[in-house]
Amino acid sequence: MKILEITDMVMRFGGLTAVNKLNLSIDQGEILGLIGPNGAGKSTVFNCVAGVYAPTGGRVQFNGQTINNEKPWNLCKKGLARTFQLVKPFATKSVLYNVVVGAFATTDNTKEAEQKAIEILKALKFEDKKEVKASSLTIADRKRLEIARALATEPKLLLFDEVMAGLRPAEVDGMVEIIKRLRKTGITIFLIEHIMRAIMALSDRIVVIHFGKKIAEGTPQQVASNDNVIKAYLGDDYGVS
Amino acid sequence: MTGKENLRVKKTNLKAQKKGLDSHTGSHIKAGSGPFVTRGNIKTMSLALAVLVAFGLPLVITSPTYLHIIVLMFFYAYLTTSWNMVGGFAGVLPLGHSVFIGIGAYTSTILSLQYGVSPWIGMMIGGILSVFVGVLIGLPTFKMRGAYFALATIAFAEGFRVMVENIDFIGPLNVNGPRGLQIPPQNYGFANFMFAGKEPYYYIILIMLIGVLALTWFISRSKLGYYLNAGGEEPEAAMALGVNVAKTKLAAMAISSFFTALAGTFYAQFSLFIHPKSIISLDISFEIAFIALIGGRGSIAGPVLGALLLRPVSDFSRIYFGDILPGLHLVIYGVILILVMIFQPRGIQESLTRMYDSVVDRVVTWSQKDGEA
Amino acid sequence: MIYLLEDAINGILMGSIYGLTALGLTIVFGVLKVINFAHGSLLMVGMYLALWSVSLIGIHPYLALIIVVPVMYFFGYYLQDIVIKPIFKAEKDVREPITVIIVTTGVWYVLDNLTLLIFGPQYRSIQANPLKGKMIELGEIFISVPKLWGFCTAIITAFGVYYFFQYTRMGRAIRATSLDRDAASLAGINQYKIYNIAFGIGTAVAGIAAVTLVPFYNIFPTVGVLFDIKGFIIVVLGGLGSMGGAIIGGIIVGLIESIGPQFMTATWTEAIVYGLFLLVLFVKPSGLFGEKHDW
């Protein structure tokens, strides 16, 4: 069974159709990349899957269950976690506090939640900063915190929304390593990215959308040489035909 | 202010004692080998000391006027701490909390005057009623922006006051409109929540205050506390992490309204007279909010500190200037509020806690030095 | 029936004055996105100003506008500049500047009680009042003259303010800032200066409202509280940020207040106004004419 199945999804905002009959599916344990030019509708897809919006049409299924109208907190309890493109740490609280909030998704006990949080921080090599106030972290660390928090909820499917944005190349490599390690633990990953070398290195498959519609799908190599993709990114003049 | 002075004096004595103690057994205590004097220990001991002092105060201060003032001080500290659960932890600005005081006071008073129900039971019933009302108010308003929420709470409180002021009877219940209800001082005894002297009231409100502080402390360390903080700071992120923000805010509101209502009953039994303008007034709602904000909402110590510092100010200005300069204390409140919001929006507890922490640190280093000697 | 008509007319007149009192509030909200809880107190200050102008100089109450409007404008301007701006700056990135609300509440308390301290709690009114108690007779209907003047002032002010925001350079700059402060500042507009000006205008409008009230309303330190709360209700009813909405919302409240007592006690009427307010908040928070916000 596919862990995530999107069938004919449509999302309209008033007169604007942001997502137009999108079909895509993800296998358990896969890393699926979602790319497309700015404004293509990628974040909207995420928001529809994550329960921020209810799709105007079509169906979203998570582990076989239709989740069109589910709220984000319920989805989290079901095993679907996400990060935000513009990071939203609980700025006045410590790194540990932030992750503990996530850990509470699977337990009611504070001690237990703290222990789980520390485990996650250790796994992400972040434990040394556990008492640092989130507002004083660098952008790379804030992104790591986003991931740590989401991980603490013990998700089966993780949605990464441009988690590399704003990072320097060395930091990008570090993040790629983290995500590779995550995959080894069995988590399925769905990621939106603009940084090509990251998404090429990570994804098993890539879906390309433009104006809310899927225009290509396949392995990174297939997608990179796809005419439509090149046209979408660089304009019609550059299509190799 | 006598209580606070006592506290400071006792703390210095304690420091001196600790030094003595350590140099006594100094040879056995080396820095780092499981020291007796840790920051945690000092903080617990000073807390225990404060509680001891509070319990012992009526033995030292016997003047009913001063006791009355201190009782009201604790009363407000209780109210602000209860308010803090919604206003501080949930991150919203309720400006109509007196509605719960009113519900609590009127419920227990009517039940005891008309039906002879013990005020303690009436207190609990008032609390439960308040929970219903609180949740009712919270359900639609928590989705709104801060300013709208504040306005809605004002509208509820004022609407309730107007209604009570104009109704004489709700069915068989005698509410007596603007004339209010008077409780005859008879049938003394614990069961009737009626005492001749101020001391019993003092201890009751003190215990209530400690109870509500302990509750706040527990909640802040619990899942609810974490969730409330998260939902208040970044609701979208919190929701993505499994927090049903609206539900946690409602939980906080329920707790807050329950405990606020209990204070209403206390007030009724203490002052023996309640009427809408005195307990369901906007002034009280605002005073509670102001004190909590100045003290530092969202922290545990903030509201209490605010009440302990501000209430004496207001009482003294009322006693000494009440006739010549009416309303002076409110001007002072307002000015302090504005200044605090500009310079220290987290409340005065921020700098007070920092001072306290540095004092504690100094005590620890002193004792460690003694140990090595 | 005839009394109903009379009540209705007087209700509309009084309502337009209510709308005028709320107009300043909605202007401030529209631009600063903040509900100024001290608005009623500013109104009260305006009333005392008008009172003293008339008593000391002995002019016709409406001539006091010459003094009241500029003084109120600068009062509001500097209040915003000195007291509220620091908080704005500190809370620039916060989603909801709740602290500003708190501060304006503090200002409310300071102003009201300072006035109480200085002037005492007595009710005052202007002595030589050319408009006092005058009525116009239309058949069997009596229309209050001061309220009629107030109505006209309200309409003129509303149109004046509208014109200002639509057609003058400063007005457009203010609107630009209210729509998108970052974009406006990129266009060379100093957003904090705009806030000062908008607050000044809102306060000046409150001053105009104060002048219309002085001929027939008693003046005392806490007179602003009632108008403050009614102002919020009106502004929510009509839609925060909508000037026409403020006037119309005011008229609705005025009508309820004048016709209501025919059918129930005056204080139940008050409760109905609160009830209506809560209803609007829950059902359509953007009010009748307000812009949609992300609630």
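A nonpolar core is a set of buried Ala, Val, Leu, Ile, Met, Phe, Trp, Tyr and Cys residues joined through C-beta atoms within 7 Å. A residue is buried if 20 or more other C-beta atoms lie within 10 Å of its own, exposed if 12 or fewer, and partly exposed in between, with C-beta atoms placed from the backbone. The model is predicted: local features need pLDDT of at least 70, side-chain atom pairs count only at pLDDT 80 or more, and totals for chains, interfaces and linings use all residues. Residues are numbered from 1 along each chain as its sequence is written, while chains are lettered from A and ligands numbered from 1 in the order in which they are written.

**View 1. The largest nonpolar core.** The largest nonpolar core holds 278 residues, and those with the most contacts inside it are Ile205(B), Met47(C) and Ala198(C). The greatest contribution to this core, 16 residues, is made by α10(B). Helices (H or I, at least four residues) and strands (E, at least two) are DSSP runs, numbered from the N terminus. Ala198(C) is in contact with Ile27(C), Val28(C), Val31(C), Leu32(C) and Ile174(C), when its neighbours within four places in sequence are left aside. Two residues are in contact if their C-beta atoms, placed from the backbone, lie within 7 Å. In soluble globular proteins, nonpolar side chains tend to be buried together.

**View 2. Helix α5 of chain B.** Helix α5(B) covers residues 119-141, and its 23 residues should span 33 Å at 1.5 Å a residue; the end C-alpha atoms are 32 Å apart, which agrees. The expected span is 1.5 Å times one less than the number of residues in the helix. Buried positions in α5(B) include Pro119(B), Gly122(B), Met123(B), Gly126(B), Gly127(B) and Ser130(B). Further along α5(B), Val131(B), Gly134(B), Ile137(B), Gly138(B) and Thr141(B) are buried as well. An α-helix has 3.6 residues a turn, so residues three or four places apart point the same way. The cover over the buried residues of α5(B) includes α4 (98-115), α6 (146-166) and α10 (245-271) of chain B. Chain B has 15 helices and four strands, and buried residues make up 48% of its 373 residues.

**View 3. The contact between chains B and C.** Of the two pairs of chains that touch, chains B and C have the most contacts between them. Here 36 residues of chain C are in contact with 35 residues of chain B. On the side of chain C that touches chain B, α3 (65-90), α4 (98-119), α9 (223-238) and α11 (266-283) of chain C each supply at least two residues. Among these helices, α4(C) gives the most, with 14 residues. This side of chain C divides into 27 nonpolar, seven polar and two charged residues. Ala, Val, Leu, Ile, Met, Phe, Trp, Tyr, Cys and Pro count as nonpolar, Asp, Glu, Lys and Arg as charged, and the others, Gly among them, as polar.

**View 4. The contact between chains A and B.** In this pair, 18 residues of chain B are in contact with 22 residues of chain A. On the side of chain B that touches chain A, α8 (223-233) and α9 (235-240) of chain B each supply at least two residues. The largest share of this side, six residues, comes from α8(B). Its residues divide into nine nonpolar, four polar and five charged. Chain A and chain C do not touch, and their nearest C-alpha atoms are 11 Å apart.

View 5. In chain A, strands β9 (residues 205-210) and β10 (residues 213-218) run antiparallel and are joined by five bridges; two strands pair if DSSP finds at least two bridges between them. His210(A) stands opposite Lys213(A), and Phe211(A), in a hairpin with two residues between the strands, takes a positive phi near 55°. In chain C, four bridges join the antiparallel strands β1 (residues 135-138) and β2 (residues 141-144). Met135(C) stands opposite Ser144(C). This hairpin also has two residues between the strands, and Gly139(C) takes a positive phi near 65°.

**View 6. Lysines of chain A with positive phi.** Most residues other than glycine have a negative phi, and most peptide bonds are trans. Lys21(A), with phi near 50°, lies in strand β2 (residues 16-26) of chain A. Lys21(A) is partly exposed because 14 other C-beta atoms lie within 10 Å. Lys125(A) has a positive phi of about 55° and lies in the loop between α4 (110-123) and α5 (139-152) of chain A. Lys125(A) counts as exposed because it has 12 C-beta neighbours inside 10 Å.
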